[in-house]
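Subject: The structure we talked about

Hi,

Here is the structure I promised to pass on. Have a look at it first, and then read on for what turned up.

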2 protein chains.
Amino acid sequence: MKRIVILGSTGSIGTRTLEVIEAARGEFFVVGLAAGRNVELLEEQARRYRPRLVAVGDESAARELSGRLSDLPIRVLSGEAGLLEVAAMEADQVVVALVGAVGLLPTLAAIRAGRRVALANKETLVTAGRIVTEEARAHGVQIVPVDSEHSAIFQCLAGQRREDLAGVILTASGGPFRETPAEELSRVTVKEALQHPNWSMGGKITIDSATLMNKGLEVIEAHWLFGVDYPQIRIVVHPQSIIHSLVEMVDGSVLAQLGLPDMRLPIQYALTHPKRLAHRATRRLSLPEIGRLSFEEPDFQRFPCLRYAIEAGKMDGTMPAVMNAANEVAVGAFSAGTIGFMDIPRIVAHVMNQHAVVARPLVEGILEADRWARQEADKVVRRK
Amino acid sequence: MKRIVILGSTGSIGTRTLEVIEAARGEFFVVGLAAGRNVELLEEQARRYRPRLVAVGDESAARELSGRLSDLPIRVLSGEAGLLEVAAMEADQVVVALVGAVGLLPTLAAIRAGRRVALANKETLVTAGRIVTEEARAHGVQIVPVDSEHSAIFQCLAGQRREDLAGVILTASGGPFRETPAEELSRVTVKEALQHPNWSMGGKITIDSATLMNKGLEVIEAHWLFGVDYPQIRIVVHPQSIIHSLVEMVDGSVLAQLGLPDMRLPIQYALTHPKRLAHRATRRLSLPEIGRLSFEEPDFQRFPCLRYAIEAGKMDGTMPAVMNAANEVAVGAFSAGTIGFMDIPRIVAHVMNQHAVVARPLVEGILEADRWARQEADKVVRRK
């Protein structure tokens, strides 16, 4: 049995990871869980899966959880220190399912402890791709992607020589506003932005899918995960979300991974790779039933976030962290109803324009850039 | 440099194999060529690629070719003995690009000599799949498929564990009569049947694509090549021929290989595998340019050959050889204008119905069944 740690266990990916573990009874057991503030769900998970360690966001939550779990031999930790302790605890694999830039330090802690990492937190590679991949190489740690697109690429590359890889093609559903005219985009509501056509995901990533920022972040992620240069990363809008992504080989052959949109599949593959496990819950893909798959070029004009993210990736250094932090603040403000949908790219662009890039920053430099960008973005939001 | 033998060098696959070898200058050199009657083209090929051995169909052709090549140090052989000698000559890989049941003995000769085989001749596996795969296993020889569909499956399986394979999905263009109503099929002409929508191939295989017999033969081929049971082999009609085939894994993940329809790609992969080689001649696949891919269930009623082939495969023993031989005769008669298009399945069914299956035949038994089926099919044709 593989010992699994889940960071972000109460979120969308975290809960599905637990579903996968439960369905694969006997293959895995949970030794550590960490979550932010959802004490109730975390208590339920702790009772069900009996981890050795549990971490919550702050001390008051920890006190509450400790009280609730007093009948069980489970240590309850809190804050960043608690999160890092769970990340580095004795285990076979750490699933990083935290949302946002908060995923960086625990991912590094898991890598430095030599743990195999299943990475669902894309901001880690977006903000600190160079550091994270260098540390992983130095510690002989494999980073297995959980994102359906990167899992697809990872699966396609399994039997291929890296030197034969010519490029990757990330598919994008196009989000709920794929066909919305530019002039209407500034008026779309939070509710509309949360209607993702194919995937049921967390709130932040769903808004990012509506602005296509999510695809931009994935481009940076793919750059670091697979060592592919930006010009060799293409995006294809594929509204049915059946082809999860593709790789192009030097001989012109293209390999793709397909499946019904169900995050349990890439999550499970990240846990079982290089093996696979039958999953009774997943439905079988029938192409005749689906009938047709369609493809179009992405619209970089209507969805400027996509352009900004790729530009930030190419500029490298602290810029991706700045772009990402500004986006997090802007998405938060949009979700709270403070700003409009098209203010998200405006704020990202504004903060990026204010930033003087620091090349090859250390972790501290990235965190500093992240803090600075949040302040700058906040200023713009407050002016609204 | 890899030493390559090409059996069937003047045919569609043979000439393209030489194109691939020429484009990959320095990777391969041709040591042996064999062809049927096209002395002129074989002379040209021999002059250009300077093989050590050349074989032609009969003695008079051999005498003519010998005369034409008298200025070169090339041995010219003839007949079945000549073909078998070239098949087993010292080489790194033998490309079997012969058309029809004539491919069986030279394929076995190459396998018994320990040569890695690139197999474009599907009748070999159709008629004697058990013997050929058992011999390959016994001699530690790898059979690499050249057919675009089987090459696709082979490429998809590269990084996967065989025990995780749940099934394969062969794509079929549907041929030129995909949308032709049943009542019109009996009146279609040879010229119409030779208009394949996507692939430019030899005559026999193009007619087989029009009756869907080609896909039926591929099902049997896939059964032997990949060790997949018949119920786990599905066919999907995909008119654009962009997805060349797919594999289904036990976890619900589906892997696919895509590319523009160009036989040089699977031919080259069969020669370079597990490596790949940049090919300047191949165009890059652009999904947005193609726009849409569509899928439908195959129509086993309008295309009974598909059904008969799969039935023959399931019955096993001598039945696939009988089905294949009857089809070869019927396709020949249709191409000569002697019978109608729907007489092809009628003749195949008639001959299959007359046949008493011999289980686990030896090569002699298969060849005997093949001869018998040709005679039976001929009788029906002559009655027309």
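At roughly what angle do the axes of helix 1 and helix 2 of chain B cross? Before the answer, please keep in mind that this is a predicted model.

The axes of helix 1 (residues 12-23) and helix 2 (residues 39-49) of chain B cross at roughly 15° and come within 13 Å. Angles under 35 degrees count as roughly parallel, so helix 1 of chain B and helix 2 of chain B are roughly parallel to each other. Their crossing is left-handed. From helix 1 of chain B, the residues taking part are Thr15(B), Leu18(B) and Glu22(B), and they meet Leu41(B), Gln45(B), Arg48(B) and Tyr49(B) of helix 2 of chain B. Sorted by class, this contact has 3 nonpolar, 2 polar and 2 charged residues.

With helix 15 (residues 319-335) of chain A, the axis of helix 16 of chain A crosses at roughly 145°, and the two axes come within 8 Å. The crossing is right-handed. On the side of helix 15 of chain A, the contact is made by Met319(A), Val322(A), Met323(A), Ala326(A), Asn327(A), Ala330(A), Val331(A) and Phe334(A), while helix 16 of chain A brings Ile344(A), Ile347(A), Val348(A), Val351(A) and Met352(A). The classes here are 12 nonpolar, 1 polar and no charged residues.

For helix 16 (residues 343-354) and helix 17 (residues 363-383) of chain A, the axes come within 10 Å and cross at roughly 130°. Helix 16 and helix 17 of chain A are therefore oblique to each other. This crossing, too, is right-handed. Ile347(A), His350(A), Val351(A) and Gln354(A) of helix 16 of chain A make the contact with Trp372(A), Ala373(A), Glu376(A), Ala377(A), Val380(A) and Val381(A) of helix 17 of chain A. By class, that gives 7 nonpolar, 2 polar and 1 charged residues.

Now to the two chains together. In the interface, 41 residues of chain B are in contact with 41 residues of chain A. About 3800 Å² is buried between chain B and chain A, with carbon and sulfur atoms giving 53% of that area. Of the area that chain B buries against chain A, 18% comes from Asp251(B), Arg276(B) and Phe295(B), more than from any other three residues.

How many salt bridges are found across the interface of chain B and chain A? There are 4. In a salt bridge between Glu248(A) and Arg284(B), the closest N and O atoms are 3.1 Å apart. Over all chains, the structure holds 67 salt bridges. Another salt bridge joins Arg47(A) to Glu43(A), with the closest N and O atoms 3.2 Å apart. Both residues lie in helix 2 of chain A, 4 residues apart, about one turn of the helix.

Last, some backbone details. His273(A) and Pro274(A) are joined by a cis peptide bond with omega of about 5°, and Pro274(A) sits in the loop between helix 12 (264-272) and helix 13 (287-290) of chain A. In chain B, a cis peptide bond joins His273(B) and Pro274(B), with omega of about 5°. Arg50(A) is not a glycine, yet has a positive phi of about 50°; its place is in the loop between helix 2 (39-49) and strand 3 (53-56) of chain A.

Best wishes

Terms used
Residues numbered from 1 in each chain as written. Chains lettered and ligands numbered in written order. Predicted model: local features only at pLDDT ≥ 70, side-chain atom pairs only at ≥ 80, totals over all residues. Heavy atoms only, no water. Axes fitted to C-alpha atoms, helices over the stretch in contact; angles between N-to-C directions. Helix = DSSP H or I, 4+ residues; strand = E, 2+ residues; numbered from the N terminus. Parallel < 35°, antiparallel > 145°, perpendicular 65-115°, else oblique. Left-handed = near helix turned anticlockwise from the far one by under 90°. Contact = heavy atoms within 4.5 Å. Nonpolar A, V, L, I, M, F, W, Y, C, P; charged D, E, K, R; others polar. Buried area = accessible area lost by both parts, 1.4 Å probe. Salt bridge = Lys/Arg side-chain N within 4 Å of Asp/Glu carboxyl O.
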